[in-house]
Amino acid sequence: DYLRGRKDAELIQDLAFLREVGETCKNTRFRMIGGLQESLFDNPRFAGAADAIRRVKDRFDQVRIAREDVAFVVRERLLPKSSAQKDRIREHLSTFTPLYDGMAERLDDFVDLYPIHPAYLATFEQLTLVEKREVLRTVESEIRQRANEDVPTDAPGVVSIDSYRARLVDDAAARMVPEVQEVLDKSEVVRTKIKTALPDKQYIDTAVRIVDALSIHRLTTDDIHARIGLTVDELRDQLCLLPPGLPKQDAIFLRTTVETILMKTLAAVSGQFLSRNEDNGQIYLDVAKDI
């Protein structure tokens, strides 16, 4: 916060002082340890002082809270399970492993973090607008909301990143960030159009979940206008999508159904605020596509 409030010339002097402190630590018994809420050395806000930042970085060691550390806390403190519980979860999820790429290979992670999807934590790590402690509060809130619900027998029942959009809508501080407000506003337009214009009403919930996930993914990019999104396979697997009315439990058929829902969603919103990158098949929230 201090550095962010400094003018360019003052910022360079501050960074030079930090560099001198690092050099002093190398040759003396003095040590400086600082706790940072966000990364300093790869923060885009200081791109104008990249050279000075690089010299400071060379003289300090970073000890970062990695995704594995957050997952460990979630697994051991928020969602601990007995061996019997893990066996029941494993039996439940094994029914759905043929439908999703990677679930069988990572079944232990799915069991340990259940009902949180492992991709939930991975996506959270890429969100620059939230601190690491926010994921712990969010997971706790998600579990409290579902604590008295029965595990569904016809779906995996995992909590995926699309659910975080509702929390952002209720977070007044987050909505003060212009990019967040813009993404929420444009995604709300798409959600409204889906509920009124999607011809297959049984797919409305699935289509809304997809848009919510694309909204959160939009905030993981440095530029909310970048043509970056998620493919059909990534949406299916990261959200554990399982639309109602599938005639058979088949991975290929599920993928085809999800792609059909996406195409019908694009048609229902007349392409507004949703785009598809034909080069890589990624669907993304296009906040500038105001038709």
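Is Cys 240 buried or exposed? Cys 240 is buried, at 5% relative accessibility, where buried means under 20% relative accessible area, exposed means over 50%, and partly exposed sits in between, with a 1.4 Å probe and protein chains only. Cys 25 is buried too, at 11%. And disulfides, meaning pairs of cysteine sulfur atoms within 2.5 Å? The count is zero.

Okay, some ground rules. This is a predicted model, so local features need pLDDT of at least 70 and side-chain atom pairs count only at pLDDT 80 or more, while totals for chains, interfaces and linings use all residues. Residues are numbered from 1 along each chain as its sequence is written, and side-chain values use heavy atoms, with hydrogens and water left out.

Now the overall picture. The protein has 13 helices and two strands; these are DSSP runs numbered from the N terminus, with helices being H or I of at least four residues and strands E of at least two. Of its 291 residues, 44% count as buried. The C-alpha atoms fill a box of roughly 70 × 55 × 35 Å along the principal axes.

Let's look at the strands. S1 is residues 274-277, and it pairs with S2 in the antiparallel sense over four bridges; pairing takes at least two DSSP bridges. One of those links joins Arg 276 to Ile 283 in S2. The two strands make a hairpin with four residues between them, and Gly 281 in the turn has a positive phi of about 75°.

In a regular strand, side chains alternate between the two faces of the sheet. In S2, residues 282-285, both faces are covered: Gln 282 and Tyr 284 are buried on one side, Ile 283 and Leu 285 on the other.

Over to helix H13, residues 251-268, where you'll find Thr 257. Thr 257 is buried, at 9% relative accessible area. What does Thr 257 touch, leaving out residues up to four places away in sequence? Tyr 203, Pro 243 and Leu 246, where a contact means heavy atoms within 4.5 Å.

Last stop, the lining of the second largest pocket. By class, this lining has 22 nonpolar, ten polar and nine charged residues. Here Ala, Val, Leu, Ile, Met, Phe, Trp, Tyr, Cys and Pro are nonpolar, Asp, Glu, Lys and Arg are charged, and the others, Gly among them, are polar. Helices H4 (83-94), H7 (132-146) and H11 (204-218) each supply at least two of the lining residues.

Notes:
A disulfide is a pair of cysteine sulfur atoms within 2.5 Å.
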